[in-house]
Amino acid sequence: STCYQTTSSLCEKAITLNGTEYPRDCYTNVSDRILNLIGKNLHHKQYHPLCLLKQRIVNFIYSKFVNSRGNPIFSVHDNLNPVVTLEQNFDNLLVPHDHPSRRLSDSYYINSKFMLRAHTSAHQHDLIKCGLDNFLVFGDVYRRDEIDSTHYPVFHQMEGVRLCGVSEFTQKYLTVERCSTYWSSFETKSLTDDLQFEWKHIITDESISVDRRIFLVLLSDFEYQWTDTYFPFTHPSWELEIKHKNDWLEVLGCGIIEQRILEKAGAGHKIGWAAGLGLERLAMKLYDIPDIRLFWSTDSGFLVQFHTDNPDRQISFKPFSHYPQCINDISFWIPEEYSSNDFYDLVRSVGGDIIEQVTLVDVFTHPRTKRTSHCYRIVYRHMEKTLTQQEVNEIHTRIEEASRKKLHVEIR
Ligand code: FA5
Ligand code: MG
């Protein structure tokens, strides 16, 4: 991948997080704005909607999955360091070297060895290696992504992993003869494609359908659909979408864990599924929260509405104000090395949470010079007051200046 941010970043001092110093290098692309959001831990804040949702899910899983003595079998991990190695975030999960999520334009790198986790799956390998079979991980995750009401560069996920011994599984679902074929081929790792296919089919139909249903319970009676998808770490894989404002909103990805991942973590004799749930998206639906930026609001008008000791309480958020939007366009010629995510990140860095949405509205390539220009529409709206056109213009000008300086674009 390309190295940008060369000279300037090397002069700056190292990044210190939780008392650890990380030297900058040509991979470093975290902005101060993102670094300042680390440690906010919204999912730990009492009476925050994400904390309520976490408690609701944990209570549900604790009651649903118990051992013969009636004790919960899932362990919950909500305090793991969001700074992870590239091995944790990618390699341990078989993410190929050319996968888009590894690009500097898609993930936040501290340097060439460490990054801010882009998903809670980054902890799968370590926890499985510890010998855990059933666990949940809650945490903040970081991504360079689009800007609109359902995307934010920092959001929260819950990872669910459930493993079970192959023999235990086969006893439950297969006849004795089929069982011994599977078991012996499994032991010698000689699972043919055919067998593997059938094997996965059985897991899919029998056990996953049971386990997948747990998410539907959480979703009450929303309209939903499962779609087939691809992840490097599961096969087969699915996404769960729920109906939201007349559109499908993706809330979760899941699937059967690739056997090689379990082998690498010393659990090759087990099989299992994993799932990753977007907490904000589910909370938006459950509590009628119209915009993902609201989760970061410290306005009591927002927080007071979630002040309850009963995480199962039905809460329907009432917008405390409707302030008008201000819309400004920006057009520029892009240099050869350019990614829209760099621009989105810069807009958020300069404008902060008054940026409601940024959309690429026009792409034009000059027939003679072959230069390309992008036009973006930036929607400004403050959550707590009316913005004046002058305030917006000032920020818009700062965005233009920063784009020129940092992204080397030429404003039209
Ligand atoms: C993953 O992150 C996988 N690790 C999920 C997974 C885990 C699959 C285990 C299989 C096994 P994905 O990139 O689709 O997948 O993100 C999962 C969920 O996070 C999405 O469904 C969505 O609810 C939420 N999400 C993704 N990007 C954003 C964003 N920018 N803002 C808010 N929520 C987001
Ligand atoms: Mg997805």
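In strand β15, Glu410 is the bridge partner of Trp333. This pairing belongs to a predicted model of a protein chain whose domain assignment gives domain 1 (32–294) and domain 2 (321–411). The predictor assigns the complex an ipTM of 0.99 and a pTM of 0.83.

**Confidence**

- The protein chain has a mean pLDDT of 87, and 84% of its residues reach 70 or more.
- Over residues 4–9 the pLDDT stays under 50, and the model has seven contacts beyond four places in sequence for this stretch.

- Four strands form an open sheet in the order β13-β14-β12-β15, with antiparallel pairing. Its edge strands are β13 and β15 (410–411), each of which pairs on one side only.
- The pairing of strand β12 (residues 326–333) with β15 is antiparallel and extends over two bridges.
- Helix α12 (residues 340–351) packs on this sheet and touches β13 and β14, its direction making about 145° with that of β13.
- Helix α13 (residues 389–407) lies across β12, β14 and β15 and runs at about 20° to β12.
- Strands β13 (residues 355–365) and β14 (residues 372–380) run antiparallel and are joined by nine bridges. Within this pair, Thr359 stands opposite Arg377 in β14.
- The hairpin of β13 and β14 has six residues between the strands, and Lys370 in this hairpin takes a positive phi near 65°.

**Contact between the domains**

- Contacts between the domains involve 11 residues of domain 1 and 13 residues of domain 2. On the side of domain 1 that touches domain 2, three residues are nonpolar, one is polar and seven are charged.

**The seven-stranded sheet**

- A second open sheet has seven strands in the order β3-β6-β7-β11-β10-β9-β8, with mixed pairing. At its edges stand β3 (75–77) and β8 (224–231); each has a single partner strand, so one side of each is left without a neighbour in the sheet. From one strand to the next, the twist averages 20°.
- Strand β6 (residues 134–142) pairs with β7 in the antiparallel sense over nine bridges. Tyr142 stands opposite Val154 in β7.
- Helix α10 packs on the sheet, where it touches β7, β9, β10 and β11, and its direction makes about 60° with that of β11.
- Helix α3 (residues 49–64) lies across β3, β6 and β7, and runs at about 165° to β6.
- The antiparallel pairing of β8 with β9 extends over seven bridges, and the two strands are joined by a hairpin through two residues. The bridge partner of Tyr224 in β9 is Ile242.
- Strands β9 and β10 also pair in the antiparallel sense, over nine bridges. In β10, Leu252 is the bridge partner of Leu240.

**Local backbone features**

- His235 and Pro236 are joined by a cis peptide bond, with omega about -5°. Pro236 is located in strand β9.
- The hairpin formed by β9 and β10 has two residues between the strands, and Lys245 in the turn has a positive phi of about 50°.
- Asn246 lies in the loop between β9 and β10. Its phi is near 65°, a positive value in a residue other than glycine.

Definitions and conventions. Residues numbered from 1 in each chain as written. Chains lettered and ligands numbered in written order. Predicted model: local features only at pLDDT ≥ 70, side-chain atom pairs only at ≥ 80, totals over all residues. pLDDT = per-residue confidence, 0-100. Contact = placed C-beta atoms within 7 Å. Domains from an automatic or database assignment. Nonpolar A, V, L, I, M, F, W, Y, C, P; charged D, E, K, R; others polar. Pairing = 2+ DSSP bridges. Axes fitted to C-alpha atoms, helices over the stretch in contact; angles between N-to-C directions.
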